[in-house]
Amino acid sequence: YRGVDIYSPRTKGGLNAALSLKVLEHADLRKFKVHFSSSADALEIMTRVQNEAGAEPWLNDYTKLDDTKFLTSAFSQSQLDEIWSRVQKRLLSPINTNPGTHSYHIVVVDSEGNAVTGTNTIESFPWGKGIFVEGIPLTAAGMLPFGTKPGLRMQNPLSMQLGVKNNSLLFASGAFSASLIPAAFEFVVNIVDYGLSAAETVAFPRFGDQAWDIYTQKPLGGVWLDRRVDKSIVDILTKRGISFVQQGYLDTGLGAVAIVHEDGHVDGAIAPLSSVGFTPGFNH
């Protein structure tokens, strides 16, 4: 992605982020001179790219995830161009249209540049029961609610990334919460396109996934958006057919980012609680 090799798990979430990034290469966000959260045009591109890429039906077909030949075709330039053409059509002619306590994401980078990025989700039972058979843990981790039949591959939205440039680790990142897929996508864009620090990467305003009511679990008919995004931008995109939810419970994803600098020091940060509806404490 823009000269950075992105390593990610071959999961629905990882492939979704990778596809979104490749489609986004059709656009130059830097021309807007500001972060996408401060530009209606840039925010529209980001949300429409993620929505169109995420709508690819094969992302929900577990049989495609290990089919290298199919994935090569799915990421071909012609397919990326076709998704981008759908984004452009939307840009030019928009059509109006009891949980546990937490999950967490861990990023570790050692002094030799080795890195690990991974998520422990609240949707699974605790790790570390210590029961192994020939290296395979016999725990209940991975109880994700996607209704896969026994013996078939489970769909997994978890998305984490390793970025490598000139054969050296540039960053490690990952996201969780209800908006983990768009958050993982936005983290990479903030690092590669905007050159933000780790703290800025997780603190700048983000958009989330399709919004739903935390109490009734019913859809709210819009996309979660950080309430710091100016109303003038929201009004413009509303007229272009993108509706946002900025009140009440807001989930624009949580996660962690570590950036490795040329001198070897590591800059790390976690996404703030402001992204899930608390009072924002970052002023960009």
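The following dialogue examines how terms are applied to a predicted model.

Tutor: This is a predicted model, in which local features need pLDDT of at least 70 and side-chain atom pairs count only at pLDDT 80 or more, while totals for chains, interfaces and linings use all residues. Residues are numbered from 1 along each chain as its sequence is written, and side-chain values use heavy atoms, with hydrogens and water left out.

Student: How many aromatic pairs are there, and what makes two rings a pair?

Tutor: Rings of Phe, Tyr and Trp (its six-membered ring) pair if their centres lie within 6.5 Å; planes under 30 degrees apart count as stacked, over 60 as edge-to-face and the rest as tilted. By this rule the model has seven aromatic pairs.

Student: Why is the pair of Trp58 and Phe70 called edge-to-face?

Tutor: The ring centres of Trp58 and Phe70 are 5.6 Å apart, and the planes stand at 75°, so the pair is edge-to-face.

Student: What does the pair of Trp58 and Phe70 tie together?

Tutor: Helices (H or I, at least four residues) and strands (E, at least two) are DSSP runs, numbered from the N terminus. Trp58 belongs to the loop between helix H2 (40-54) and helix H3 (68-74), and Phe70 to helix H3, so the pair ties together parts that are 12 residues apart in sequence.

Student: Is Trp58 counted as buried or exposed, and how do you know?

Tutor: Buried means under 20% relative accessible area, exposed over 50%, and partly exposed in between (1.4 Å probe, protein chains only). Trp58 has 8% relative accessibility and therefore counts as buried.

Student: What makes the charge of Lys64 sit over the ring of Phe70?

Tutor: A charge sits over a ring if NZ of Lys or CZ of Arg is within 6 Å of the ring centre and within 35 degrees of the ring normal. The charged end of Lys64 is placed over the Phe70 ring, 4.7 Å from its centre.

Student: Why is the pair of Trp212 and Tyr249 called tilted?

Tutor: Their ring centres are 6.0 Å apart and their planes are at 35°, so Trp212 and Tyr249 form a tilted pair. This pair links distant parts of the chain, 37 residues apart: Trp212 is in strand E8 (residues 207-212), and Tyr249 is in the loop between strand E10 (244-245) and strand E11 (254-260).

Student: Why does Trp212 count as partly exposed?

Tutor: Its relative accessibility is 26%, so Trp212 counts as partly exposed. Tyr249 is also partly exposed, with a relative accessible area of 26%.

Student: Which residues do ring pairs link into a cluster?

Tutor: The cluster consists of Phe36, Tyr194 and Phe207.

Student: What makes helix H1 oblique to helix H5?

Tutor: Axes are lines fitted to C-alpha atoms, for helices over the stretch in contact, and angles run from 0 to 180 degrees between N-to-C directions. Helix H1 (residues 12-24) and helix H5 (residues 180-192) pack at an angle of about 45°, with their axes 9 Å apart. Angles under 35 degrees count as roughly parallel, over 145 as roughly antiparallel, 65 to 115 as roughly perpendicular and the rest as oblique; H1 is therefore oblique to H5.

Student: Which residues make the contact between H1 and H5?

Tutor: Contact means heavy atoms within 4.5 Å. On H1 the residues include Gly13, Asn16 and Ala17, and on H5 they include Ile181 and Phe185.

Student: Why are H2 and H5 called oblique to each other?

Tutor: The axes of H2 and H5 come within 11 Å and cross at roughly 130°, so the two helices are oblique to each other. Met46, Val49 and Gln50 of H2 make the contact with Ile181, Pro182, Phe185, Glu186 and Val189 of H5.

Student: Why are H2 and H4 oblique to each other?

Tutor: H2 and helix H4 (residues 77-92) pack at an angle of about 135°, with axes 9 Å apart, and are therefore oblique. Among the residues in contact are Glu44 and Ile45 of H2 and Ile83 and Trp84 of H4.

Student: Why is Lys33 called exposed?

Tutor: Lys33 has a relative accessible area of 74%, so Lys33 is exposed. Lys33 is in the loop between H1 and H2, and its phi is near 70°, a positive value in a residue other than glycine.

Student: How do you know that Asn166 is exposed?

Tutor: The relative accessible area of Asn166 is 69%, so Asn166 is exposed. Asn166 also has a positive phi, of about 55°, although it is not a glycine.
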